[in-house]
Amino acid sequence: MFATALLGLVACEEVVENNIIWDKPYIAFDEESISIDAKGTEELIIPLTSTGVDDVMVVMDDNYDIESSSGDLIPREAWVEVVKVISEYDNPTRALPKWDSAIVVRVKSNDTGKVRKATISAVSFTLSDSIVLEQLAE
């Protein structure tokens with residue numbers, strides 16, 4: 001019975017009367033944060049579990065330079081770039097199957113002399129989860 005209850009938690013489902021199963025969206029990164037050295041990487045695989053990744057967003061600290069004459073914000077070149085979203089489909093038999101996924105990002109080398117951070121958010125249906133990427137300085 002415990003194994004059945006545990007399986008229900010893992011499968012993102014809720015069993016209600018008459019054995020009807022209602023699937024629920026789910027998304028969670030395996031970690032809350034990840035650290036990478038100043039050299040950067042061509043491919044950093046960030047694992048997550050979800051009912052499907054619909055969108056990925058990257059928000060970097062210090063996204064903009066301020067133009068001194070006008071105060072306008074000028075976007076800086078991105079140092080984190082989403083390369084792809086990896087999905088494993090195991091021939092799902094559910095409306096919202098849960099599988100292990102991953103987001104692959106490319107991180108440029110950090111020659112700024114300071115630690116920098118980015119928040120990577122992933123969305124599955126109406127839910128989202130985030131992970132903080134911290135890149136060390138040289």
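How many bridges join strand E11 to E12?

## Strand pairing

The answer is nine: E11 (residues 116-124) and E12 run antiparallel. Strands here are DSSP runs of at least two residues, numbered from the N terminus, and two of them pair if DSSP finds at least two bridges between them. One spot to look at is Thr 119, which stands opposite Val 132 in E12. The hairpin of E11 and E12 has two residues between the strands, and Phe 125 takes a positive phi near 55° there.

E12 (residues 127-135) also pairs with E4 (residues 33-36), in the parallel sense, over four bridges. Ser 35 stands opposite Glu 134 in E12.

## Nonpolar patch

Over on the surface, Tyr 64, Ile 66 and Leu 73 form a nonpolar patch with about 340 Å² of accessible area together. Patch members have over 30% relative accessible area and no salt bridge, and nonpolar side chains (Val, Leu, Ile, Met, Phe, Trp, Tyr) are joined within 5 Å. Areas come from the Shrake-Rupley method with a 1.4 Å probe, with only the protein chains shown counting as cover for residues.

Leu 73 lies in strand E8 (residues 73-75). Leu 73 is exposed, at 52% relative accessible area; exposed means over 50%.

## About the model

This is a predicted model: local features need pLDDT of at least 70, side-chain atom pairs count only at pLDDT 80 or more, and totals for chains, interfaces and linings use all residues. Residues are numbered from 1 along each chain as its sequence is written, and side-chain values use heavy atoms, leaving out hydrogens and water.

Conventions
Patch = residues over 30% accessible without salt bridge, like charges linked within 9 Å, V, L, I, M, F, W, Y side chains within 5 Å. Salt bridge = Lys/Arg side-chain N within 4 Å of Asp/Glu carboxyl O. Buried < 20%, exposed > 50% of the residue type's maximum accessible area, 1.4 Å probe, protein only.
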